[in-house]
Amino acid sequence: MSVEPAAPPTLSGLSRSTVGQGLYAMAAVVAVICAATVRTDGYVANILMQAVTYAIAVCGLSVVLGLCGQINLAQAAFFALGAYAVGLGTVDYDIPFFICLAGGMGVAFAAGGLLGLSTLRLGGHYLAMVTISFQQILTVVLINAIQITNGPDGVSGIKRPDLFASSQAYLALAVAALAITGYLVWRLAGTRLGRAMRAVRDNEIAASAAGVDVYRTKVAAFAICALLGGLGGGLFAGGFAYVSPDQFAFSDSIVFLTMALLGGVASPVGSTIGTGLLILIPEWLRFLKSVPGLYLAIYGLAVILIVVFMADGIWGFIARLFRRPAIAPSSPIAPLVLKPADSGAPAALEVRGLAKYFGGLKAVDGVDFTVRRGAVHALIGPNGSGKTTTLNVVSGLYRPTAGRIFVDGVDVTALSAHKRTIAGLGRTFQNIRLFRSMTALENVVIGAERGGNTQVGRGHPTLQERARAALDFVGLGARSDDLVTRFSYGHQRLIEIARALASNPTVLLLDEPAAGLNSSEKKSLHDLLERIAAQGLTILIIDHDMTLVAGVAQHLTVLNFGRRIADGDTLDVLRQPDVIAAYLGAE
Ligand code: ADP
Ligand code: MG
């Protein structure tokens with residue numbers, strides 16, 4: 001256990017965020033009061049109304065794209081769902097405004113979730129195309145389902161709630177809605193769901209290995225994004241009293257996306273800045289309209305320049321200028337307690353008849369082995385012998401062609417990767433998979449958060465404390481607030497181990513943890529593995545370093561060409577002629 005020297009009296013992380021929230025609340029109240037009281041002419045009021053309602057929808061993109069890294073080219077469609085719910089509801093059916101607004105948000109939420117379902121099979125370009133199709137289909141429906149939507153004529157005479165009948169009161173309502181939306185989106189990043197979204201954005205495979213349900217997280221991100229689209233659209237309809245299909249076309253989805261990217265997709269403040277600019281720049285450039293084309297050229301150039309020179313958007317650029325140095329943790333770090341689950345089954349991990357074929361290639365071909373509880377068990381073999389594939393099948397990244405896998409006596413073969421993590425498997429990767437936009441601590445917190453971790457909460461340390469303890473256990477406690485990309489290769493491997501340990505696994509799976517380490521790093525890795533084993537954790541380790549393997553493992557399984565060629569006590573196995581032959585050649 002290492003106790004940090006007491007930090008100088010500065011703002012702690014907690015009070016820092018309290019200060020931020022206080023400032024935000026003040027700014028929000030001032031904005032609402034200004035909207036309600038400062039008189040503007042109708043033209044300016046319209047621009048403000050558009051900017052505020054658009055900014056709410058753009059906040060949705062900062063969830064789906066900024067937090068979760070998924071593309072949504074249909075935000076104008078969700079905006080339309082909200083707008084038409086308020087338009088048709090208040091005009092055709094005389095339903096109160098707020099009920100229509102809630103209904104529109106509900107429909108958008110459901111439609112967004114539905115669109116998110118397509119992420120199970122699709123990613124990248126394909127997902128983008130599905131969202132575009134959704135947008136186009138909705139536009140076609142709005143234009144052609146004349147009986148319901150009034151077709152190209154749109155809906156006019158949309159009513160506002162009585163209390164907000166005046167333009168000023170209504171604008172104040174919209175500003176308040178934007179302020180609340182911005183606050184919730186801002187705080188979302190620090191919640192369990194928000195962390196899961198960021199993990200998915202940074203590395204889906206690592207996220208699922210850390211216990212994050214990747215698919216559900218994406219669906220949630222789409223649904224929330226669409227919900228905010230619906231809210232913005234509903235308020236827009238009340239603001240302008242008129243909606244028509246051409247206001248919500250594909251090109252408007254692109255505008256929303258540009259606003260998000262321009263302002264900075266990572267933050268709702270960025271969303272608001274981007275929206276404001278994209279609506280205001282054309283107004284500022286109106287004096288150029290006498291020269292045809294010039295106005296559009298300058299407008300386009302301005303947008304391109306901003307996007308090229310401020311990759312993280314305007315807010316990302318500003319935020320970087322004001323980034324404060326990380327504060328070293330001031331409170332002492334409690335030692336990490338590993339308390340692996342024990343159902344009484346003799347084997348912590350059992351693999352039976354495991355096979356994985358890639359087309360005609362039998363990467364793993366009928367492998368059996370049993371990892372005894374509390375043992376350090378090594379899986380060795382030449383390059384390409386199927387070790388990583390075995391680990392990937394065991395941890396659920398690949399479905400086995402045949403065979404069964406038991407963790408602590410429970411058959412986990414049918415479970416997805418994140419559920420196996422919840423069932424007690426923790427792992428690291430041969431090619432390091434960290435969440436690269438996050439600090440070491442944030443990476444480990446995501447591990448600590450896995451469902452079923454009995455070592456967190458209720459009488460146990462909090463998530464953060466558990467994560468700090470895990471980082472400290474691997475020797476990186478003092479640097480927990482550094483971005484992971486600042487760490488050396490060897491230290492990144494240690495952060496991966498800490499992330500797995502923080503989840504309090506029953507079995508720890510390590511894929512070549514010593515690869516790329518220098519000799520002193522290997523020495524401390526050896527030491528670390530012994531400290532982990534001393535707490536009773538079961539370890540399955542793949543490595544080529546025979547000194548390390550022979551030093552820590554009591555049991556060895558040897559693979560060659562996907563088949564098990566030896567299995568038994570380490571020293572016995574290392575003496576077998578066929579093992580020596582597979583490793584060192586026929587001599
Ligand atoms: P090891 O970890 O023992 O070096 P691997 O398990 O990575 O070996 O690979 C075993 C064999 O399976 C290799 O021939 C490799 O090319 C092949 N392989 C591994 N993953 C895949 C994949 N996703 N698709 C096709 N072939 C694969
Ligand atoms: Mg490998």
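**Close-up views of a predicted model**

V308 counts as exposed, because its relative accessibility is 53% and the cut-off for exposed is over 50%. This and the views below come from a predicted model.

**View 1. A nonpolar patch on the surface includes V308.** V308 is found in helix α13, residues 294-309.

**View 2. T388 and Q430 coordinate the magnesium ion (ligand 2).** The donor atoms are OG1 of T388 and OE1 of Q430, at 2.0 to 2.1 Å. T388 lies in helix α15 (residues 387-395), and Q430 lies in the loop between β8 (425-427) and α17 (440-448), so the pair ties together parts that are 42 residues apart in sequence. T388 is partly exposed, at 25% relative accessibility. Q430 is also partly exposed, at 30%.

**View 3. Helix α8 (residues 192-202) packs through its buried residues.** The buried residues are G194, R195, A196, M197, R198, A199 and V200. They pack against α2 (42-67), α7 (167-188), α9 (204-209), α10 (214-240), α17 and α18 (463-473).

**View 4. A241 has a positive phi.** The angle is near 65 degrees, in a residue other than glycine. A241 sits in the loop between α10 and β2 (242-243). Its relative accessible area is 28%, so A241 is partly exposed.

**View 5. D408 has a positive phi.** Here the angle is near 50 degrees, again in a residue other than glycine. D408 sits in the loop between β6 (402-407) and β7 (410-411). D408 is buried, with a relative accessible area of 10%.

Note on methods:
Residues numbered from 1 in each chain as written. Chains lettered and ligands numbered in written order. Predicted model: local features only at pLDDT ≥ 70, side-chain atom pairs only at ≥ 80, totals over all residues. Heavy atoms only, no water. Donors = N, O, S within 2.8 Å, 3.2 Å for Na, K, Ca; no water. Helix = DSSP H or I, 4+ residues; strand = E, 2+ residues; numbered from the N terminus. Buried < 20%, exposed > 50% of the residue type's maximum accessible area, 1.4 Å probe, protein only. Patch = residues over 30% accessible without salt bridge, like charges linked within 9 Å, V, L, I, M, F, W, Y side chains within 5 Å. Areas by Shrake-Rupley, 256 points an atom, 1.4 Å probe, with all protein chains shown as cover. Salt bridge = Lys/Arg side-chain N within 4 Å of Asp/Glu carboxyl O. Contact = heavy atoms within 4.5 Å.
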